[in-house]
Amino acid sequence: MAVYRPTHIPASEITPHSIYMSRRNFMGAAAASLALAGAGGSALAAPLQATPGAYKLDEKLTPKEAVTSYNNFYEFGTDKSDPSSNSGDFKPTPWSVKVDGLVGKPKEFGLEELMKMPLEDRTYRMRCVEGWSMVIPWIGFPLAALLDQVEPQGSAKYVSFETVVRPSEMPGQKGLFQPLPWPYVEGLRLDEARHPLTILAVGLYGETLPNQNGAPIRLVVPWKYGFKSIKSIVRILLTDKQPETTWKNSNAREYGFYSNVNPAVDHPRWSQATEQRIGEGGFFNTARRPTLPFNGYGDEVASLYAGMDLKANY
Amino acid sequence: MPLIPALPRRLHGPSIWAVYVIGLCPAVWSFYLGATGGLGINPVKEFEHLLGLWALRFIIFTLAITPLRDLFGINWIRYRRALGLLAFYYVLLHFSVWMLLDLRLDVHAVIGDILKRPYITIGMVCLAALVPLAVTSNNYSIRRLGKLWIDMHHLIYPIALGGALHYFLAVKSITAGPFLHIAAIALLLAYRPFRKPLLRWKRTRKAVDNAQPVHR
C-alpha cells in the first residue's frame with residue numbers, strides 16, 4: 001500500500017473562503033438559512049474545525065453551489081435538484097449510529113461523540129455511476145477509527161450500512177412511485193471499510209453536512225461509484241456474509257457489490273470511459289475527461305483486489 | 001353534439017401555424033435558459049432530456065388525435081401533421097444535442113454508443129424511421145402514395161413503442177414522470193386493436209337509434 005504524503009494544506013486553503021463563498025453562494029446560503037430558520041428545529045450549517053488531512057489532491061474544487069444542489073439522494077426525490085429543495089424538513093439532530101453485529105463491544109454512538117472524533121480535511125474526487133464527477137472538500141474521520149472502538153471479531157468479513165427511514169421528513173420515501181425499497185443499504189468488505197481512504201464524513205467546505213449531502217453523517221469511499229457512499233447513516237453492522245446493497249438488489253446486472261470506478265467496465269447501458277466534471281465547462285463546451293481506474297486511487301487501493309477479475313466482480 | 005365548439009373555418013390555417021409556434025416554444029425557451037445558465041448545474045444533460053421528453057409528448061399528442069375523434073367527437077385531425085412533425089423536430093434536436101453538445105462530436109463515442117447501448121440503438125432506429133414519415137408528410141406525397149401512405153405512416157406505432165422503451169431503458173428507476181409518459185403511449189397503442197370493433201358497434205347502435213322512431 002502506498003504511503004500517504006502529508007501536505008498540511010487544508011481544503012479550506014486550496015480555494016480561499018473568500019473566493020468560493022462568491023456572491024451567488026452567499027445569496028444561496030442566505031436564502032437557505034432563511035428557509036431553515038423558518039422551518040424551525042432544523043440544524044443550520046455550522047462551521048467545523050478540522051486538521052489538515054493526510055491526502056492531497058491538486059484539482060480544482062467543484063463549486064460549493066454545485067456540490068450542494070446537484071445530488072442523487074432518492075429519499076428526497078429523483079431529480080438532481082430534489083434533495084436540495086425537499087430536504088428542508090429533515091432533522092439531522094439529535095442523531096445516533098448503532099454499530100453492532102460481529103463485534104466485541106457493540107455501541108450506539110451519539111452525534112456529539114462522533115463529532116469529537118479526529119476530524120480531517122479530505123478532498124476527494126467523487127465519480128457518479130451516471131458519468132459525472134466532482135471534487136469535494138469533505139471533513140470526516142477514517143471509518144477504521146470507529147470500527148476500532150467496537151472491536152470487530154475475527155469472523156467479521158463485511159460491513160453493512162443503513163440509511164434512516166423517515167417518510168415524514170423525506171418526501172421521496174412516501175407516495176405512489178417509490179424509486180427504491182427503503183431503507184437504503186450498502187456494504188463494504190471489511191478491508192475496504194478499514195482502508196485509510198474510507199471515511200465517515202460529517203462536513204464539507206468547512207461546515208457541517210447539508211441535509212442534501214447526507215447529514216449528519218455519511219460514508220465516503222472515493223474509489224467506488226458514488227452510490228456506494230451511503231448517506232444519513234443510522235446503523236453499521238459487521239457480518240460474515242456479503243451484505244445486501246440497494247442498487248444491486250434493484251438491478252444486479254447493472255450495479256455490482258464492488259462498483260469500483262473502472263473505465264474498462266462499461267455500465268450495460270452507457271460507457272464509463274469518460275466523465276463530465278460538474279461545474280466546469282459550459283453549455284457549449286462540456287468538461288469531459290477520461291475516467292481513471294479506481295477513480296485515480298489505484299496506487300492506494302488496487303492491492304485490495306489483487307488477483308480478482310474486475311470484469312466479473314464489477 | 002361536439003364537446004367543444006367548432007373553430008371557424010377561416011381560422012383553421014392560422015391555428016395550425018399557431019401549433020407549430022407554440023410547439024417550438026419549449027425548445028427555444030430551454031435553449032435560452034441553457035445558454036444563459038438557467039438550466040442548473042448540468043445544463044446540457046437537462047436540455048437533452050427536456051428535448052427528449054417533448055419529443056415523447058408530441059408523439060403522445062399525435063397518437064391521441066384518433067381516439068379523441070372516436071371517443072369524444074373532437075376532430076383535431078388538421079393538427080396531426082404539425083404534431084407529428086414537431087415530434088420529429090424534437091427527436092432530431094434531442095439527437096443533435098447529444099451528439100454535438102454532450103459528446104462534443106466525438107464520432108468514435110457516438111458510433112460506439114449507437115452500436116453498443118441498446119437504448120441508444122433503439123433511439124437511433126426510431127429517428128431513422130421518422131425521416132421517411134417527415135419527408136412524406138406533404139399533400140403531394142399523400143395524394144401520390146395513396147393507400148401506401150397510410151400503411152407507411154402506421155410506422156408511428158412501432159416508433160412510439162421504441163420511444164417509450166428508449167425512455168424506460170435510459171432512466172435509473174421508474175418514477176412518476178417516466179411512468180406517466182410510458183403509460184400514455186401504452187394506452188394509446190393498446191386502443192388501436194379495439195378501434196374497429198368499437199366503431200362498428202357505434203355505427204350499429206346509431207342505426208338502431210335512428211331506426212327506432214320509425215317502428216313507433
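I count two residues as in contact if their C-beta atoms, placed from the backbone, lie within 7 Å. With that cut-off in hand, I opened this predicted model and began with chain A.

**Entry 1: chain A overall**

I then listed the secondary structure of chain A and found ten helices and twelve strands. Of the 314 residues in chain A, 45% come out as buried.

**Entry 2: the five-stranded sheet**

Next I traced a sheet in chain A. Five strands make an open sheet with mixed pairing, in the order 2-1-10-5-6. Which strands stand at the edges? I find strand 2 (107–110) and strand 6 (185–189) of chain A there, each with a single partner strand, so one side of each has no neighbour in the sheet. From one strand to the next, the twist averages 20°.

I looked at strand 10 of chain A from both sides. Strand 5 (residues 158–163) of chain A pairs with strand 10 (residues 233–239) of chain A in the antiparallel sense, over six bridges. Strand 1 (residues 96–101) of chain A pairs with strand 10 in the parallel sense, over four bridges. As a reminder to myself, strands of a sheet pair through backbone hydrogen bonds, either parallel or antiparallel.

**Entry 3: nonpolar cores**

I searched for nonpolar cores. The largest has 63 residues, and those with the most contacts inside it are A:Ile136, A:Trp138, A:Leu200, A:Ala201, A:Val202 and A:Leu204. Which strand gives the most to this core? Strand 4 (residues 132–142) of chain A does, with seven residues.

Setting aside neighbours within four places in sequence, I find A:Leu204 in contact with A:Val67, A:Ile136, A:Pro137, A:Trp138, A:Ile139, A:Leu209 and A:Asn213. There is also a second, separate core of 41 residues, which includes B:Leu63, B:Leu93, B:Trp98 and B:Ile122.

**Entry 4: chain B and a residue ahead of helix 1**

I checked the confidence for chain B: the mean pLDDT is 91, and 96% of the residues of chain B reach 70 or more. Then I went to B:Ile4, in the segment before helix 1 of chain B. Is B:Ile4 buried or exposed? B:Ile4 has 10 other C-beta atoms within 10 Å; a residue counts as exposed at 12 or fewer, so B:Ile4 is exposed. I also noted that the C-alpha atoms of B:Ile4 and B:Gly73 are separated by 8.9 Å, although the two are 69 residues apart along the chain.

**Entry 5: where the chains meet**

For the complex, the predictor gives an ipTM of 0.72 and a pTM of 0.80. I count 20 residues from chain B and 19 residues from chain A in the contact. On the chain B side, the elements giving two or more residues are helix 1 (12–35), helix 2 (43–72), helix 3 (80–102), helix 4 (107–116) and helix 9 (176–215). Helix 4 of chain B gives the most to that side, with three residues. Sorted by class, the side of chain B that touches chain A has ten nonpolar, six polar and four charged residues.

Notes: Residues numbered from 1 in each chain as written. Chains lettered and ligands numbered in written order. Predicted model: local features only at pLDDT ≥ 70, side-chain atom pairs only at ≥ 80, totals over all residues. Pairing = 2+ DSSP bridges. Axes fitted to C-alpha atoms, helices over the stretch in contact; angles between N-to-C directions. pLDDT = per-residue confidence, 0-100. Nonpolar A, V, L, I, M, F, W, Y, C, P; charged D, E, K, R; others polar. Buried ≥ 20, exposed ≤ 12 C-beta atoms within 10 Å, placed from the backbone. Core = buried A, V, L, I, M, F, W, Y, C linked by C-beta atoms within 7 Å.
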